[in-house]
Amino acid sequence: MSTERLLGRRGRVVRVAISVIGIVLLVNGSVRGSDDLWPFGPMSQYSMVVADNESILFTRISAVTDAGTTVDVPLNIEGAGVARAEIEARAGEIVKDPSLLQQVADGWKRKHPDKPKYVSLELIQDTTTLVGGRVSGPPVPRVLTTWKVR
């Protein structure tokens, strides 16, 4: 005896409606092109190809701690509470208003109260140049902005 049942009219209507809503959300996110709409928007940091003779840009944050060391800020939820994609997407805003970096220092302090605190932050963009599809030398860093932590 089989327990299979045919999908009724109501079940088909619900499935089609959910599919249509999903497609509309995906199209809207793709047209608007914002990672803020994820998962219904593009993850643009993964959607590019670099030509053999171009450059790769990598955005990072460097911190000086109250212990006197210089460290790269771990840009993930477990590290400073902010993902690298968020920093890359807002780099222009951060350059215009470096105080936005305060949130990174606050996130680190909240998540790691037992670790050295950040006293200053630099938003840095490293450029790696490719020649013939191969890295032609070490990355060249460029400081975009700095922030003295409050």
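A residue is called buried when its relative accessible area is under 20%, exposed when over 50%, and partly exposed in between, computed with a 1.4 Å probe on protein chains only. Because aspartate 126 has 10% relative accessibility, it counts as buried. This is a predicted model, in which local features need pLDDT of at least 70 and side-chain atom pairs count only at pLDDT 80 or more, while totals for chains, interfaces and linings use all residues. Residues are numbered from 1 along each chain as its sequence is written, and side-chain values use heavy atoms, with hydrogens and water left out.

The side chain of aspartate 126 makes a polar contact with the side chain of arginine 60 at 2.6 Å, a polar contact being a pair of N or O atoms within 3.5 Å of which, within protein, one must be able to donate a hydrogen and the other to accept it, with residues adjacent in sequence counting only if both atoms are side-chain atoms. Aspartate 126 belongs to strand 3; strands (E, at least two residues) and helices (H or I, at least four) are DSSP runs numbered from the N terminus.

Strand 3 (residues 118-131) runs antiparallel to strand 1 (residues 55-65), to which 11 bridges join it, and two strands are said to pair if DSSP finds at least two bridges between them. Leucine 57 has threonine 127 of strand 3 as its bridge partner. Strand 3 is also joined by eight bridges to strand 5 (residues 140-148), again in the antiparallel sense, and here leucine 123 is partnered by threonine 145 of strand 5.

Turning to the pockets, a pocket is an open set of points on a 1 Å grid over the protein atoms alone, with protein on both sides within 12 Å along at least five of seven lines, and its lining residues have an atom within 4 Å of a point. Residues lining the second largest pocket include Glu86, Arg90, Gln103 and Arg110. Helix 2 (84-89) and helix 4 (102-111) each supply at least two lining residues, and helix 4 gives the most, with four.

Finally, the unreviewed UniProt entry places a "transmembrane region" at residues 12-31, an annotation that may be inferred rather than shown by experiment. In the model, this span is 100% helix and 0% strand, and its end C-alpha atoms lie 28 Å apart.

Key: 1 Å grid on protein atoms, 1.4 Å probe; cavity = no way out; pocket = protein on both sides within 12 Å on 5 of 7 lines; lining within 4 Å.
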